[in-house]
Amino acid sequence: FGESTTTAAPPVAELHLHIEGTLQPELIFALAERNGIELPYADLDELRARYEFTDLQSFLDLYYANMAVLRTEQDFADMTRAYLARAAAGGVRHVEVMMDPQAHISRGVALETCVNGVASALATSEEEFGVSTLLIAAFLRDMSEESALEVLEQLLAMKAPIAGIGLDSAEVGNPPSKFERLYRRAAEAGLRRIAHAGEEGPASYVYEALDLLGAERIDHGIRCMDDPALVERLVAEQIPLTVCPLSNVRLRAVDTLADHPLPAMLAAGLNVSVNSDDPAYFGGYVDDNFEQLVAVHGLSVADRARLAANSVRSSFAGESRKAELL
Ligand code: ES4
Ligand code: ZN
């Protein structure tokens, strides 16, 4: 028999998700209306026409601009709930949500507003959607380490419900080494540590994230495939790499999905998972990523089971929750 497409998909944990990247064009228009904000687009189609990216920066420009519609706690909560409902429908059972506090503070939104809005939706997620959640504060690597440290201290002072910290935004020219003090402080505070590395940046940034920041998980990491010694180490230590295939295609980190290294990464024994990154911008949620990988690479049922198990095993969920999902 061939593989059935109706085989129940195994439970998946989404480990690489920027909540601001779940803001769909329809919600951008609805929130603009609710907040009396004039958008520079006449209609949805004009906004959608802007989603043709040539690299990470061209995406980031639109991603930051669209955040202007997020003003109130309710806005952040509504965005988060919309993501959780859609992720649950696509088979996600646990999610570790990154948010970018600096992107909101810098445009005059209070830290409490963005944190409490996202956190309030996450708090009821397991009951409402069957999706357990953790929150991760990500810091913008194109801003200073001083800015990141200041925001981290504010998050700690307000006892924000964060499980860890991440590092995102423009990678090239902003190496992990810039944030050693930030990660040392986070470790001291008992926080988990992840970092984007090896998306557009070189394999050397992956080494830096591991050795200088103590990163426990690497977001993207696909450029490790340029460095066989690094692959060997990542395999030996089973360092989780949260890979985002549709994101890599849309930001032209790879030419096409057919050229994506995920199958080679799996074959090499790397601990890879499949994630959506910014699903409203890159053409799909976790289930869409899986579906297109199956269509283009003929990913087997065993491959899909391996990827799902990797995602659960690499999550920061409690052991009992992991056991439920494995
Ligand atoms: C991001 Cl795809 C990607 N890379 C780096 N930083 C980001 N922030 C949101 N999406
Ligand atoms: Zn990302």
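His16 lies in strand S1 (residues 12-18), where helices (H or I, at least four residues) and strands (E, at least two) are DSSP runs numbered from the N terminus. The model is a predicted one, in which local features need pLDDT of at least 70 and side-chain atom pairs count only at pLDDT 80 or more, while totals for chains, interfaces and linings use all residues. Residues are numbered from 1 along each chain as its sequence is written, and chains are lettered from A and ligands numbered from 1 in the order in which they are written.

Is His16 buried or exposed? A residue is called buried if 20 or more other C-beta atoms lie within 10 Å of its own, exposed if 12 or fewer, and partly exposed in between, with C-beta atoms placed from the backbone. His16 has 30 other C-beta atoms within 10 Å and is therefore buried. Contact is defined by C-beta atoms, placed from the backbone, that lie within 7 Å of each other. Not counting residues up to four places away in sequence, His16 touches Asp219, Thr242, Cys244, Asn275 and Asp277.

Asp277 is buried because 30 other C-beta atoms lie within 10 Å. Leaving aside neighbours within four places in sequence, the contacts of Asp277 include His16, Leu17, His18 and Gly21, and also Cys244, Ser247 and Phe282.

The UniProt annotation "binding site", from an unreviewed entry, covers His16, His18, His196 and Asp277. These residues are spread over 262 residues of sequence, yet they cluster in space, with a largest C-alpha distance of 11.7 Å. UniProt positions are given here in the numbering of this model, feature names are shortened, and annotations may be inferred rather than shown by experiment.

Which residue carries the "active site" annotation? In the unreviewed UniProt entry, that label covers Glu199. Glu199 sits in the loop between S5 and helix H10 (203-211). With 23 other C-beta atoms within 10 Å, Glu199 is buried. Apart from neighbours within four places in sequence, Glu199 is in contact with Leu56, Glu171, His220, Ile222 and Ala253.

Several of these names return around ligand 1. A residue is taken as near a molecule or strand if its C-beta atom, placed from the backbone, lies within 6 Å of it. The residues around ligand 1 are His18, Gly21, Leu56, Tyr63, Asp168, Ser169, His196, Glu199, Ser247, Asp277 and Asp278. By class, this shell holds 2 nonpolar, 5 polar and 4 charged residues. Here Ala, Val, Leu, Ile, Met, Phe, Trp, Tyr, Cys and Pro count as nonpolar, Asp, Glu, Lys and Arg as charged, and the others, Gly among them, as polar.

Why is strand S4 (residues 164-168) described as largely enclosed by the rest of the structure? The reason is that 5 of the 5 residues of S4 are buried. In a regular strand the side chains alternate between the two faces of the sheet. In S4, Gly164, Gly166 and Asp168 point one way and Ile165 and Leu167 the other way, and all are buried.

S4 also has strand partners, where pairing requires that DSSP finds at least two bridges between two strands. Strand S3 (residues 132-140) runs parallel to S4 and is joined to S4 by 5 bridges. One bridge pairs Ile136 with Gly164 of S4. From S3, the chain passes through helix H8 (residues 145-157) to reach S4 in a right-handed β-α-β crossover. Right-handed is used if, with the strands pointing away from the viewer, the path from the first strand over the helix to the second runs clockwise. S4 pairs with strand S5 (residues 192-197) in the parallel sense too, over 2 bridges, and the partner of Gly164 in S5 is Arg192. The chain goes from S4 through helix H9 (residues 180-188) to S5, and this β-α-β crossover is right-handed.

Two loop residues complete the picture. Gln238 has a phi near 50 degrees, a positive value in a residue other than glycine, and its place is in the loop between helix H11 (228-237) and strand S7 (240-243). Gln238 counts as exposed, with 12 C-beta neighbours inside 10 Å. Arg252 has a positive phi near 60 degrees and lies in the loop between helix H12 (245-250) and helix H13 (262-267). With 15 C-beta neighbours inside 10 Å, Arg252 counts as partly exposed.

Technical notes:
Contact = placed C-beta atoms within 7 Å.
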